[in-house]
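Dear colleague,

Please find below the structure that I am handing over to you. My findings follow directly after it, and I would be grateful if you could read them with the model open.

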Amino acid sequence: MRLDASGKVSLDHIYTAPDPRTYFQVLRPLGYRVPQLAKPWFDKLIKEYRETERVAAPRVLDIGCSYGINAALLKYDATMDELYARYDGNAPASRAALLERDRGLSRSPAHPLRFTGLDASTSALAYAHEAGFLDDTVNADLEAYDPTPEQRDRLAGTDLVISTGCIGYVTERTLTRVVRAQDGRLPWMAHFVLRMFPFDPVEAALDELGYRTVRVDEVFKQRRFAGPEEQRGVLDSLAAAGVDARGLEEDGWLYAQLHLSRPHRR
């Protein structure tokens, strides 16, 4: 088992496959569920944005979107259980057949939303876009580089920015570059962040840009640990960050917290 610097097991291979089958088949035994738990919070925020800003079809940027999971849940009212069943061992054997089936889902959106996905995986973005889950994609490393003019154009006009697990690997550098691509507009944000990753640097950077951030008291199960070695690594990271793992990560699950950021200077 190879652990990354945070103590988590490295699952890089599930994000680079040509289609989502490996992703779901690896994560299903681990009970990965945070996108499902995030869905009602995102739905509520989108509804409030529509009503407050009078935008009928908000543009959502999903950072670390992989195969467009959040888009599938929010645009088509799918569930994680349905997606797990969709990509199990009985799924079509070829990428082409899988895409054709998934395009059928994307022809029937349940909610008027436009999704842009930001990710470093070209293969995950390509599948999500070809399947119709994502309306647009940005394949970029905004931790290291400013967006190109073309990438800025694709990021511009974002109404809401969401993420379900990438903060910690993605930092305030990426979020600052996303906001600066909006030419003065401040999209609303909702980030589910694993408890081992301090959000303070992100909150401070967003505050400088004109945001106020609120942390929701509730905690959200992300997935089970892949084994005792990963649990020990994460517990060490939590201890180093001064986070009490009793009754939570000590019991075998990774947990996230939700941070909501909205502009406070209009």
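Cys166 is buried in this predicted model, with a relative accessibility of 11%. Its sulfur lies 9.4 Å from the closest cysteine sulfur, that of Cys65, which is too far for a bond. Cys65 is likewise buried, at 2% relative accessibility. A disulfide would require two cysteine sulfurs within 2.5 Å, and the search of the whole structure accordingly returns zero disulfides.

Cys166 also belongs to the lining of the largest pocket, where Tyr15, Gly64, Gly165, Cys166 and Tyr169 are the residues nearest the centre. This pocket has a volume of about 930 Å³ and is lined by 36 residues. The lining comprises 17 nonpolar, ten polar and nine charged residues. Helices α1 (21-27) and α3 (69-75) each supply at least two lining residues, as do strands β1 (59-63), β2 (114-119) and β6 (211-224).

The second largest pocket has a volume of about 240 Å³. Its lining consists of 13 residues, and those nearest its centre are Phe197, Pro198, Phe199, Arg215 and Gln257. By class, the lining contains seven nonpolar, two polar and four charged residues. Strand β5 (188-194), helix α9 (200-209) and strand β7 (253-263) each contribute at least two residues to it.

Turning to the interior, nonpolar side chains tend to be buried together in soluble globular proteins. The largest nonpolar core of this model has 80 residues, and Ile63 and Leu83 touch the most other members. Beyond its neighbours within four places in sequence, Leu83 is in contact with Phe24, Ile69, Ala72, Leu73 and Ala78.

Helix α6 (residues 122-131) has the following buried residues: Ser123, Ala124, Leu125, Tyr127, Ala128 and Ala131. An α-helix has 3.6 residues a turn, so residues three or four places apart point the same way. Among the elements that cover the buried residues of α6 are α5, β2 and β3 (136-139). Just after the helix, Gly132 adopts a positive phi of about 95 degrees.

Arg195 is located in the loop between β5 and α9, and Glu249 in the loop between α10 (228-240) and β7. Arg195 is buried, with a relative accessible area of 14%; Glu249 is buried as well, with a value of 1%. The two residues are in contact with each other. With residues up to four places away in sequence set aside, Glu249 also touches Phe225, Gln231, Leu235, Leu238, Leu254 and Tyr255. Arg195 and Leu238 are 43 residues apart in sequence, yet their C-alpha atoms are 7.3 Å apart in space.

The backbone calls for a further remark. Most residues other than glycine have a negative phi. Which way does phi point, positive or negative, in Arg54? It is positive, at about 55 degrees, although Arg54 is not a glycine. This residue sits in the loop between α2 (34-53) and β1, and it is exposed, with a relative accessible area of 76%. Asp183, another residue other than glycine, also has a positive phi, near 55 degrees. Its place is the loop between α8 (172-180) and β5, and at 63% relative accessibility it counts as exposed.

Finally, Pro109 occupies the loop between α5 (95-106) and β2. It is partly exposed, at 48% relative accessibility; the threshold for an exposed residue is over 50%. Not counting residues up to four places away in sequence, Pro109 touches Lys75 and Tyr76. Pro109 and Val170 are separated by 61 residues in sequence and by 29 Å in space, C-alpha to C-alpha.

With kind regards

Definitions and conventions:
Residues numbered from 1 in each chain as written. Predicted model: local features only at pLDDT ≥ 70, side-chain atom pairs only at ≥ 80, totals over all residues. Heavy atoms only, no water. Core = buried A, V, L, I, M, F, W, Y, C linked by side-chain atoms within 4.5 Å. Buried < 20%, exposed > 50% of the residue type's maximum accessible area, 1.4 Å probe, protein only. Contact = heavy atoms within 4.5 Å. 1 Å grid on protein atoms, 1.4 Å probe; cavity = no way out; pocket = protein on both sides within 12 Å on 5 of 7 lines; lining within 4 Å. Points joined across faces, edges and corners; volume = space filled by probe spheres on them. Helix = DSSP H or I, 4+ residues; strand = E, 2+ residues; numbered from the N terminus. Nonpolar A, V, L, I, M, F, W, Y, C, P; charged D, E, K, R; others polar.
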